[in-house]
Each structure stands twice: as structure tokens, then as C-alpha cells.
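Visitor: I have a model open and some questions about it. Can we go through a few residues and helices?
Guide: Go ahead.

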Amino acid sequence: MMFLRMNRLPVPWGPCATVVAVMLSLSLGGCAGYQAYQDAQTHLADGQVEAGLAKLRQAMAESPENKDYRRTYFTRRDVRVNALVRDADVALQRGDFEAARASLNLAATLDAANTRGVQVMPDVNNAGWRDY
């Protein structure tokens with residue numbers, strides 16, 4: 001059986017090869033964030049908002065320096081949370097306390113610091129108990 005022997009690079013290429021390897025690994029890490037961002041855009045376009053937000057969080061974690069990923073995540077999250085709080089208001093006006101609770105719980109899962117959702121939840125809980 002014949003074995004091919006690879007020649008080793010001369011010593012001056014050693015540091016350059018290390019630099020190239022580091023740059024390649026950094027660029028591949030950026031690709032992972034980009035792929036998650038592209039997946040997020042697909043989910044969002046298909047109306048799968050929570051899945052899209054999860055992928056945007058992944059993209060931010062994989063590329064924390066990318067401001068576009070952060071901007072897109074927070075914009076999309078805020079739009080979704082505001083829609084859920086509006087849905088809860090409408091459900092509360094209809095007397096559908098379970099739907100209002102479900103919307104507010106999902107809004108709180110996406111953004112626990114949302115003040116409007118926090119303000120409405122006691123009304124939902126109190127209204128639900130009065131009717132029983």
C-alpha cells in the first residue's frame with residue numbers, strides 16, 4: 001500500500017496559518033448568526049412570530065455585535081407584545097377572561113417588563129373571579 005506524504009509548510013507560514021484559521025472560525029461563527037437571522041425572517045414571513053423571535057434571539061446570541069439583529073428582534077417583539085395586549089383588552093371587553101389571560105401570559109413571556117400588560121393583568125384576574 002502506498003502512502004502519500006504531505007510536506008510540512010515552512011516555519012514562516014506557521015503564524016500565517018494560525019491567523020487564517022482564526023479568521024475562518026470567526027467568519028463561520030458570523031454565518032451561524034446570519035443563518036439564524038434568515039430562518040427568523042422566514043418564520044416571521046410565514047406568521048410564526050414566536051418561532052421567528054426565538055431565531056432572532058439565537059442570531060443575537062451568535063453575533064452579539066450585530067446591531068441589525070438586535071434592532072429587528074426588539075422591534076418585532078414590541079409589535080407582537082403590543083398586539084397581544086390589544087387582544088387582551090378586546091377579550092376583556094367581551095368578557096372572555098381566559099383569552100385575555102392567555103394573551104397577557106404570552107406577552108409577559110416575550111417581555112416581562114411590558115408595563116401595559118402588567119397593568120391589565122390584575123383587571124383580568126379580578127374580573128374573572130367576580131363572575132364566578
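Visitor: Where is Arg57 found?
Guide: Arg57 sits in helix H2; helices here are DSSP runs of H or I with at least four residues, numbered from the N terminus. This is a predicted model, where local features need pLDDT of at least 70 and side-chain atom pairs count only at pLDDT 80 or more, while totals for chains, interfaces and linings use all residues. Residues are numbered from 1 along each chain as its sequence is written, and side-chain values use heavy atoms, with hydrogens and water left out.

Visitor: Is Arg57 buried, exposed or partly exposed, and why?
Guide: Arg57 counts as partly exposed because its relative accessible area is 38%; buried is under 20%, exposed over 50%, and partly exposed in between, with a 1.4 Å probe and protein chains only.

Visitor: How far apart are the C-alpha atoms of Arg57 and Arg70?
Guide: They are separated by 8.2 Å, with the two residues 13 apart along the chain.

Visitor: Switching to Leu53. What does Leu53 touch?
Guide: Leaving out residues up to four places away in sequence, Leu53 touches Tyr73, Arg76, Arg77, Arg80 and Leu110. Contact means heavy atoms within 4.5 Å.

Visitor: And which residues touch the most other members in the largest nonpolar core?
Guide: Leu53, Leu56, Leu104 and Val124, out of 23 residues. Such a core is a set of buried Ala, Val, Leu, Ile, Met, Phe, Trp, Tyr and Cys residues joined through side-chain atoms within 4.5 Å.

Visitor: Which helix gives the largest share of this core?
Guide: H3, with seven residues.

Conventions:
Helices (H or I, at least four residues) and strands (E, at least two) are DSSP runs, numbered from the N terminus.
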